[in-house]
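Work through these exercises with the sequence and the model open. Try each task before you read its solution.

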Amino acid sequence: MTIYKFQTAEHIVAGREVVDNISEHLSLLNLPIKHALLITQPALVAAGAAEKVEKALEAVGITVDLTTDVEPEPTLENIERVFSETVGVKDYDVLIGLGGGSILDTTKLLSVLKTNDTALENLLGTDLVEKAGLPTILIPTTSGTGAEVTPNAIVTLPEQELKIGVVSRYLLPNLVLIDPTLTTGLPKPITAATGMDAFTHALESYISNKANPISDMFALESIRLITANIVTAYQNGADLDAREKMLIGSMYGGMALTAAGTAAVHAMAYPLGGKYKIAHGVANSMLLPHVTQFNMDAMVDRLASVAGPMGIDTKNLSSEEAAQAVVDKIKELTTVLEIPQDLREYGVEEESIESMAVAALEVKRLMDNNPKTLDKEDVKSIYRKLLV
């Protein structure tokens with residue numbers, strides 16, 4: 001008998017302007033809350049989003065501290081420093097993460113660092129967290145990572161030129177607020193990169209070796225929502241309907257990867273982020289069409305079934321033609337969204353390919369989930385396609 005497992009956030013509240021009423025949703029936690037730490041980024045302070053959360057909480061008697069010290073693509077050292085300066089020295093009833101994937105991941109990690117008497121480096125890997133952390137509330141402001149509903153958090157290790165995940169059920173948040181009004185001010189490059197990151201989560205989950213009926217449901221709906229709305233959100237950031245559908249699509253992508261996991265695209269993206277500081281969404285977007293093309297002969301029918309949700313007319317197309325149309329559509333999206341396609345723009349040269357391939361293959365958790373086995377020469381060949 002095949003057994004499928006699914007887990008996600010404890011509570012999810014979604015809708016326009018739900019953050020304005022955050023104090024009302026705290027009752028879902030069934031906890032006495034007097035002191036909160038708001039973890040966010042400077043841009044959201046400048047935009048007034050952080051103040052909105054602070055005022056709503058302070059109006060009901062909750063004291064709110066704020067930190068904006070989390071770096072983009074945070075390193076182990078950065079997270080440990082934020083912990084030692086905030087959560088490690090004060091008692092908080094709840095941690096609130098307001099921001100993109102880096103903020104949400106760090107909030108989850110700070111939560112378990114408070115209750116697990118160990119260094120962060122000892123938690124890198126799967127199921128190494130022993131105790132539940134402080135209660136967390138996650139509020140995503142990009143439509144990309146899906147981190148608000150996953151048991152994963154990514155840490156950058158500069159000395160190893162790699163990113164490594166912490167995976168634990170204890171990273172799942174207690175409350176998630178999905179508010180599209182917080183995403184309308186996203187710059188076009190971030191809209192493109194995070195949106196394609198979410199699309200990658202969904203597609204890789206759908207074709208992964210661990211794909212199952214639960215993950216398929218979320219993956220296909222994520223693919224449908226993102227494909228239909230990403231260009232509109234990119235071209236008209238104020239389109240609230242498109243923004244809302246992108247945010248839900250991103251969340252579904254996170255749910256899909258929680259149930260099925262990602263694969264070779266993510267494994268190959270980690271060295272690009274770890275060594276060259278290429279944003280995770282950009283790295284995924286660059287790699288996705290090439291890795292999918294490589295995988296195609298191992299999953300023709302599976303990939304062909306994605307064409308419909310992507311809005312591709314498959315009438316009179318064979319499975320092979322429909323599968324190829326999916327790859328072509330992905331390439332079209334990356335062009336329209338102006339995703340960079342040349343690794344040389346980031347300083348990557350031919351002599352870097354060998355070490356990146358070795359590093360990517362070390363991410364066995366993801367490489368083993370790919371529908372087709374890649375050896376070092378395969379990985380090097382795909383990287384070279386991006387040396388324009």
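**Exercise 1. Two loop residues**

In which loop does Glu338 lie? Then classify its exposure and check its phi.

Solution. This is a predicted model.
- Step 1: Glu338 is in the loop between helix H12 (319-336) and H13.
- Step 2: The relative accessible area of Glu338 is 57%. The cut-off for exposed is over 50%. Glu338 is therefore exposed.
- Step 3: Phi of Glu338 is near 55 degrees, a positive value in a residue other than glycine. Most residues other than glycine have a negative phi.

Now repeat the steps for Glu73: where is its place?
- Step 1: Glu73 sits in the loop between strand S3 (63-67) and helix H4 (76-85).
- Step 2: Its phi is positive, about 50 degrees, although Glu73 is not a glycine.
- Step 3: Glu73 has 27% relative accessibility, so it counts as partly exposed.

**Exercise 2. A strand residue**

Solution. 
- Step 1: Leave out residues up to four places away in sequence; Ala36 then touches Ile62, Thr63, Val64, Asp65, Tyr92, Val94 and Ile96.
- Step 2: Take Tyr92 from that list. Ala36 and Tyr92 are 56 residues apart in sequence, yet 5.5 Å apart in space, C-alpha to C-alpha.

**Exercise 3. A helix pair**

At what angle do the axes of H9 and H13 cross, and which residues make the contact?

Solution. 
- Step 1: The axes of helix H9 (residues 264-276) and helix H13 (residues 353-361) come within 8 Å and cross at roughly 125 degrees.
- Step 2: Roughly perpendicular covers 65 to 115 degrees, and roughly antiparallel starts over 145. H9 and H13 are therefore oblique to each other.
- Step 3: Their crossing is right-handed.
- Step 4: H9 brings Ala267, Met268, Pro271, Leu272, Lys275 and Tyr276 to the contact, and H13 brings Ser355, Met356, Ala359 and Ala360.
- Step 5: Sort these by class: eight nonpolar, one polar and one charged.

**Exercise 4. The whole chain**

How many helices and strands are in the protein chain, and what radius of gyration does it have?

Solution. 
- Step 1: The chain has 15 helices and nine strands.
- Step 2: For 388 residues, a compact globule would have a radius of gyration near 21 Å; the chain has 20 Å, which agrees.
- Step 3: Buried residues make up 57% of the 388 residues.

How values were computed:
Residues are numbered from 1 along each chain as its sequence is written. This is a predicted model: local features need pLDDT of at least 70, side-chain atom pairs count only at pLDDT 80 or more; totals for chains, interfaces and linings use all residues. Side-chain values use heavy atoms; hydrogens and water are left out. Axes are lines fitted to C-alpha atoms, for helices over the stretch in contact, and angles run from 0 to 180 degrees between N-to-C directions. Helices (H or I, at least four residues) and strands (E, at least two) are DSSP runs, numbered from the N terminus. Angles under 35 degrees count as roughly parallel, over 145 as roughly antiparallel, 65 to 115 as roughly perpendicular and the rest as oblique. A crossing is left-handed if the near helix is turned anticlockwise from the far one by less than a right angle, and right-handed if clockwise. Contact means heavy atoms within 4.5 Å. Ala, Val, Leu, Ile, Met, Phe, Trp, Tyr, Cys and Pro count as nonpolar, Asp, Glu, Lys and Arg as charged, and the others, Gly among them, as polar. The radius of gyration is taken over C-alpha atoms; the globule rule is 2.2 Å times the number of residues to the power 0.38. Buried means under 20% relative accessible area, exposed over 50%, partly exposed in between (1.4 Å probe, protein chains only).
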